[in-house]
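Subject: Structure handover

Hello,

The structure we discussed is below. My notes on it follow.

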Amino acid sequence: MAGIWIFVEQRDGAIRKVSMELLSGGKELASTLGEDMAAVLLGYQVGPMAEKLAKCADRVYVIDDPLFQYYSADSYGESLANMVHTYDPSVLLGGSTFMGRDLFPWLASRLATGYAADCTDITIGDDKGIIAKRPMYGGKVLADVVFPQARPQMATVRSNVFPLKSLEEAARGEIIHIEPKEDSSTIRTKVERAEKKATGKVDLTEADIVVAAGRGIKGPENFHIIEELAEVLNATVGTTRAVVDNQWRDHNDQIGKSGKIISPKLYMAFGISGAIHHTMGIDTSKVIVAVDKKPNALIFDYADYGIVGDLFQIVPALTAEFKKALSE
Amino acid sequence: MDILVLVKQVPDTEAIIRAQSDTELDIENKYSLNFFDEFAVEEALRIKEKLGSGKVAVITLGSKKAVDALRRGIAMGADEAFQIEDPALEEIDGYATAKTLAKFIESQGYDVILCGKQAIDDDSGAVGPALAQFLGIPYLTSIVELKIAADKKEARAAREIEGGTEIITCPLPALFTAQKGLNEPRIPQVAGVMKAMKAQIQKFDLKALGLSPEDIRPKTKILKFYPPGKRPPVKMIEEEFPKNVEVLVKILREQEKAI
Amino acid sequence: MDFAFTEEQEFFRQTVRDTIDRMIMPKVQELDEGEEFSFELWHEFAKLGYLGIRHPEEYGGMNIDVISQMIFYEELFRGDVGFAMTVTMQILMGTYFIGRFGTEEIKQKVLVPAIKGEKIGTICFTEDQSGSDLAGTRTTAVLEGDEWVINGTKMWITNAPTCNFCTVLATTDPSQGIKALNFFLVEEDMPGFSRGQQLKKLGSRSSVTGELVFDNVRVPKDYFLGEELGKGVQYAGEILNEVRVMTGLAACAIAKMAMDDAREYANRRITFGNPISKYQLIRSKFANFWAWYESARWYCYRCAWMIQQGLPCLTECMLAKMFATEMCLSAVDEATRIYGGNAFAMEYPSQRYFRDARFLLYGGGCHEVLQDYLGRIYLKED
């Protein structure tokens with residue numbers, strides 16, 4: 001049997017946006033190949049999510065078990081390996097998330113197959129194999145990766161690569177419950193607890209809009225103007241390495257090579273000079289706006305729109321202007 | 001406690017890299033130890049220093065340039081260095097790298113294996129998890145904190161996840177991949193640098209590991225390299241404040257439909 | 001002829017470069033504008049052990065080869081020039097005579113802490129009426145019983161405001177000219193030692209420079225640093241070769257930084273619709289610089305090799321220092337021209353290279369004196 005499988009990631013009762021995007025993209029890939037698309041959902045008390053997925057995919061493979069409340073390669077990986085052996089999909093895609101990038105390389109080596117990480121596009125080649133497009137060297141070069149023989153072809157894909165489409169009108173798919181073979185003794189890594197930063201915001205890697213400030217913000221006490229703009233745009237706040245190194249913001253907020261790679265629809269950079277460490281992390285953003293005092297700031301080389309000016313003047317004015325525009 | 005650290009010499013973030021042809025890259029000769037591997041080496045040294053005993057070995061897979069990654073590890077304080085070098089290893093993927101490393105590491109005693117969360121050349125982050133799979137040991141990726149229990153049988157780590165961290169325990173031996181934030185890597189002292197300049201690197205080829213080129217056939221192939229699409233030149237909004245703000249908002253809403 | 005660095009030397013360079021990049025580069029502007037010596041950075045840097053690179057292991061040194069030492073200086077001067085001056089003063093002139101002639105007791109008391117960075121040293125040549133003209137030295141040392149009594153004032157002393165000990169050039173017989181010049185160790189806690197004003201400087205501003213006054217300073221007899229009296233100038237000449245090659249490589253480093261920075265600027269600055277790097281007159285500046293830079297740099301390393309081999313190379317080292325310095329002064333000037341009006345703005349780095357490079361003219365002998373001397377040699381005058 002062939003087919004495209006989408007590994008659906010959920011945490012705390014919610015399906016990740018990137019997984020829904022992959023289902024949208026996967027559907028098209030499947031129709032190009034003339035194959036089915038299945039969703040794979042692992043977790044505990046995931047019934048409602050499985051129901052939702054059944055409206056989007058031809059089949060939904062579900063493991064619903066207390067042992068699967070937290071992710072571990074020992075549970076998720078082993079089960080997925082068994083499922084792949086049983087059903088033999090030709091493609092397995094997942095989000096380029098911390099979980100995806102933890103699980104997929106382990107699983108690929110377990111299945112003795114190939115894996116392409118952090119892809120920015122998946123297309124179908126002449127031989128009906130997939131072509132995974134991925135940035136290398138921090139985005140300085142792109143590579144098209146193919147999988148000559150081994151199956152399934154595995155890849156993790158970034159957010160905002162496939163546009164989110166409503167799939168719910170699709171025919172109701174079959175939900176297939178799988179009994180895990182694992183018991184608690186086979187799961188060696190045990191999650192004691194998860195510590196969430198109480199931002200309530202979408203993670204940088206998944207945000208549609210990101211607003212960020214660099215050293216030009218002059219101090220942690222000034223970040224509120226960025227937060228206020230983010231509030232109006234429902235955006236996530238990011239920053240640069242220099243700011244994190246100065247301990248003005250948490251490392252979780254860092255965009256760039258040693259932080260997070262983002263690809264939002266809109267990225268706005270304020271007081272960011274545009275060091276290569278940073279620009280490597282924003283390369284795949286759709287629209288980039290830069291505001292900086294220095295007309296020669298490197299960031300303008302990466303931006304679509306630029307304003308030379310004082311961020312302390314421009315950010316509050318932007319907040320007010322967006323507020324006005326959005327209320328119209 | 002024996003700690004193995006996987007290290008890799010990679011083009012510096014500042015190095016100019018261009019696709020020369022479909023299959024060849026033109027890489028400026030500026031290399032350094034992979035950014036994330038430094039955290040791994042540092043953590044290994046800290047574990048050893050804290051326990052007051054043990055041995056830290058650095059391992060790399062690669063040709064002549066790779067030796068500098070080992071030297072850097074020794075300059076920082078590692079005790080031993082191993083290089084796996086073979087012409088057949090020139091064009092391999094994460095799968096084959098992990099398989100080769102696994103074969104070598106099986107013959108070594110170890111309690112902890114550390115490596116960077118990804119190498120900043122191919123940016124895959126595949127070798128760590130794949131190696132753990134081949135060795136059959138537990139692993140945790142992107143850790144920002146690591147504590148080894150007093151009985152040296154268990155570790156507790158904080159792993160980065162979207163919007164927070166997870167605190168996880170696992171038995172040893174285990175593999176961990178280091179994320180920024182794990183520690184502040186030390187700058188080598190000149191005495192360490194001198195030691196590194198004179199260090200004996202122990203070398204192994206595929207044959208010594210009992211592997212044939214057939215065993216490490218890669219599972220993926222790069223069809224072609226190409227430059228990223230160039231962004232159109234920046235459009236500077238030249239109007240005076242506050243007109244420029246109005247113009248920008250209008251463009252983002254009406255033209256780009258981004259908001 | 002083998003004109004390549006060894007793999008080990010390349011690794012050494014890489015490591016030093018990385019160290020400077022991390023520890024000093026981010027602070028360069030702050031250090032320059034602060035116009036103060038950073039003890040914090042000093043102690044942090046001293047921990048790495050580089051202050052001992054040319055001293056023997058038994059005193060905490062590393063005793064590495066001359067080429068590697070020069071690699072270290074070259075990389076060091078890519079960072080903050082003032083800080084680099086303090087470091088090189090400590091490694092070379094500041095401790096040279098002590099390391100070579102000091103008694104075991106002196107070495108334990110002064111050299112060992114100097115290598116650890118716990119004590120800061122300096123050398124005192126210049127006076128108001130003498131500098132490159134050593135014969136004009138008026139500071140005197142007179143033996144009274146078991147003690148030398150030192151009187152005089154020294155000017156333009158690097159580290160004067162911060163030094164814990166200094167090596168002082170003094171005449172033991174003013175009628176004998178350079179034949180009576182000798183070196184003596186003085187420590188800061190000796191009665192009669194005092195510091196004058198700290199100078200405000202054009203460049204290398206994070207090193208502190210000023211006057212030292214010796215008013216009847218009595219030092220023990222064995223604080224005379226030498227095997228026999230009257231050989232001070234000869235001893236100084238023997239370290240000056242290293243100082244001159246170091247200065248030459250400092251010039252190369254500053255020039256390269258200035259032009260690399262100007263390259264970034266030239267590639268980004270748009271005039272008449274093009275980056276200025278597209279214009280031939282700008283390109284020619286880089287081509288000319290490049291040729292001079294390579295020539296100067298490799299000649300410096302040739303001199304370093306001669307020192308390493310123990311070959312006589314007094315004139316070669318003078319030529320290298322002079323040539324590299326002139327190359328650098330031209331490069332930092334050209335860099336400001338590439339920057340155009342922005343070179344005049346303190347927020348761009350090009351003015352800093354322009355200012356910092358000026359010190360090169362005076363360290364290791366002023367050029368007019370060197371040129372006069374070298375011209376005489378070439379003309380085979382007596």
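Two strands pair if DSSP finds at least two bridges between them, strands (E, at least two residues) and helices (H or I, at least four) being DSSP runs numbered from the N terminus. This is a predicted model, in which local features need pLDDT of at least 70, side-chain atom pairs count only at pLDDT 80 or more, and totals for chains, interfaces and linings use all residues. Residues are numbered from 1 along each chain as its sequence is written, while chains are lettered from A and ligands numbered from 1 in the order in which they are written.

Sheet. Strand E9 (residues 130-136) of chain A pairs with strand E10 (residues 141-146) of chain A in the antiparallel sense, over five bridges. Within this pair, A:Ala132 stands opposite A:Val145 in E10(A). Both strands belong to an open, antiparallel sheet of four strands, in the order E8(A)-E9(A)-E10(A)-E14(B). E8 (121-124) of chain A and E14 (221-226) of chain B are at the edges with a single partner strand each, so one side of each has no neighbour in the sheet.

Helix. Of the 13 residues of H4(A), 12 are buried (20 or more other C-beta atoms within 10 Å of the residue's own, with C-beta atoms placed from the backbone), so the helix is largely enclosed by the rest of the structure. Among the buried residues are A:Phe98 and A:Trp106. After H4(A) comes A:Ala112, with a positive phi near 50 degrees.

Regards
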